[in-house]
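Hi everyone, thanks for coming. Please take a look at the screen, and then I'll walk you through what is there.

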Amino acid sequence: MNLQLKAFDLKLKHTFTISRESHDIQPSLIVKLSSKGFTGYGEATSNPYYGITIDKLIKDITDVKPFIESLDGVSPEEFWQSIYSKLKHNMFAICALDMAYNDLYARLQGKMLYELWDYDISNNPLTNYTIGIDTVDKMVAKMQEMPWPIYKIKLGTKDDIKIVEALRKNTNAVFRVDANCGWQVEETLKNAKALKLLGVEFIEQPLPANNWDDHKEVYSNSVLPIIADESCQVEADVLKCYNHFHGVNVKLVKCGGLTSAKRMLLEARSLGMKTMVGCMTESSVGISAIAHLLPLLDFVDMDGALLLSEDIAEGVTITDGVVTYSDLNGIGVKLI
C-alpha cells in the first residue's frame with residue numbers, strides 16, 4: 001500500500017464567522033492510499049480550536065508512514081485500532097487515514113461504502129445549510145443566494161434573538177441554531193423559549209464544553225432539544241453526554257473518522273439519544289464520506305463543500321437538502 005499526502009487551501013464563497021473565529025480560506029489535507037490499482041481518499045482540515053495545523057498533520061502521518069503502508073489488506077476496524085496505537089494524540093490524522101482506508105477497502109470490494117455496510121439509504125435525512133454570523137442584511141442575502149429547506153444559524157452575539165427574528169421574516173424554512181459555546185445557562189433557557197416560537201428545531205452546544213453541571217441544568221429545563229458538539233469529541237464522550245444532552249453531533253475529524261463515528265452513533269442510538277453528524281468546511285472528499293452514515297442519523301450538517309468558491313473534488317451532490325450519491329465505489333469521490 002502506498003501513502004501520499006497533498007495540502008490544499010480551500011477558498012470560501014464568503015467570510016465564515018462563528019462565535020470564536022472568522023476565516024476566508026480553509027487549509028485542508030488530502031490523504032491517498034493506493035493498492036492493487038485502486039486509490040482511496042481521506043481528508044482532514046486544520047482547526048485552531050483543537051490545535052491542528054496542516055504541518056502537524058503531515059508530520060504526524062509521515063512519522064509513521066512505513067507502519068501505515070504495512071497494513072495493506074487488514075479490515076477497516078483492524079486498520080483503525082493499529083493507527084490509533086500510533087496516532088492517538090492526533091484524531092484529525094486518524095480521521096483522514098481511516099476515511100481513505102474505508103474508501104480503498106470498499107473500492108477493492110467493488111462496492112459503495114454504504115453497500116458494504118448493508119445500510120438502507122431510502123430514508124436519509126436532509127442536510128441543513130449554514131449561515132455564519134454576519135450583519136443581518138448579509139445573512140439574509142446568503143439565504144436568498146441559497147434557498148434551502150433547513151438553515152443552521154450560527155449565533156453567539158449580543159443580538160441573537162433579533163437576528164433570528166429578522167431572518168424568520170424572509171423564509172419559512174426550518175431553523176437550527178448553533179451558539180458554539182457562546183451562551184450561559186439563564187441566557188440559553190431564555191433564548192430557547194423565544195427561539196421555539198421562531199420555528200427553531202434545536203440548539204447546538206450553547207454552553208462551554210466542560211460545564212457539565214450547567215449542561216445538566218439546561219438539559220432538564222430547556223423547551224428545545226440540546227445537541228452536543230464541542231462536548232462530544234471522542235467515543236468516551238457519548239456516555240458523558242447521556243442525560244446532559246438530548247443528542248450528539250459527531251464530527252469525523254474529532255472522533256477519528258468513519259470507523260469510530262459509526263461506533264459513537266450506534267451507542268447514542270442505543271441510549272435513546274438523537275444522532276447527528278456535522279462537518280467542517282471540507283471539500284467533497286470529507287462531505288462524501290459523511291453521506292454513508294446518513295442511515296444512522298436524525299439530523300445532518302454536511303454543507304461544507306457548498307460553502308466553497310472552488311471544490312477540489314467531485315462526489316456526492318446536494319440539491320435542496322437532498323443528498324445524491326455518485327456512481328463511484330467507495331465513498332464515491334475523485335479529485336478534480
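Let's begin with a word we will need: buried means under 20% relative accessible area, exposed means over 50%, and partly exposed is in between, using a 1.4 Å probe and protein chains only. Before we use it, a note on the source: this is a predicted model, in which local features need pLDDT of at least 70, side-chain atom pairs count only at pLDDT 80 or more, and totals for chains, interfaces and linings use all residues. Residues are numbered from 1 along each chain as its sequence is written, and side-chain values use heavy atoms, with hydrogens and water left out.

Now, is Cys181 buried or exposed? With a relative accessibility of 16%, Cys181 counts as buried. You will find Cys181 in the loop between strand 6 and helix 8. Helices (H or I, at least four residues) and strands (E, at least two) are DSSP runs, numbered from the N terminus. Cys181 also has a positive phi of about 70°, although it is not a glycine.

Gln205 can go beside it. Its phi is near 40°, again a positive value in a residue other than glycine. Gln205 sits in the loop between strand 7 and helix 9, and at 0% relative accessibility it counts as buried.

Next, the sheets. Two strands pair if DSSP finds at least two bridges between them.

Look for Lys152, which stands opposite Arg176 in strand 6. Strand 6 is largely enclosed by the rest of the structure, because 4 of its 5 residues are buried. Further along, strand 9 (residues 247-251) and strand 10 (residues 274-278) run parallel and are joined by 5 bridges. Gly247 has Lys274 as its bridge partner in strand 10.

Touching is a matter of contact, meaning heavy atoms within 4.5 Å.

Strand 2 (residues 22-35) pairs with strand 3 in the antiparallel sense over 8 bridges, and the partner of Ile30 in strand 3 is Glu43.

Helix 3 (residues 76-87) and helix 4 (residues 91-108) pack at an angle of about 160°, with axes 10 Å apart. They are therefore roughly antiparallel to each other. Angles under 35 degrees count as roughly parallel, over 145 as roughly antiparallel, 65 to 115 as roughly perpendicular and the rest as oblique. The residues making the contact include Phe79 and Trp80 of helix 3 and Leu97 and Tyr101 of helix 4. By class, this contact has 12 nonpolar, 1 polar and 1 charged residues. Here Ala, Val, Leu, Ile, Met, Phe, Trp, Tyr, Cys and Pro count as nonpolar, Asp, Glu, Lys and Arg as charged, and the others, Gly among them, as polar.

The axes of helix 8 (residues 185-197) and helix 9 (residues 212-221) come within 10 Å and cross at roughly 20°. That makes helix 8 roughly parallel to helix 9. Their contact involves residues including Val185 and Leu189 of helix 8 and Val218 of helix 9, and it divides into 3 nonpolar, 2 polar and 3 charged residues.

Definitions and conventions:
Axes are lines fitted to C-alpha atoms, for helices over the stretch in contact, and angles run from 0 to 180 degrees between N-to-C directions.
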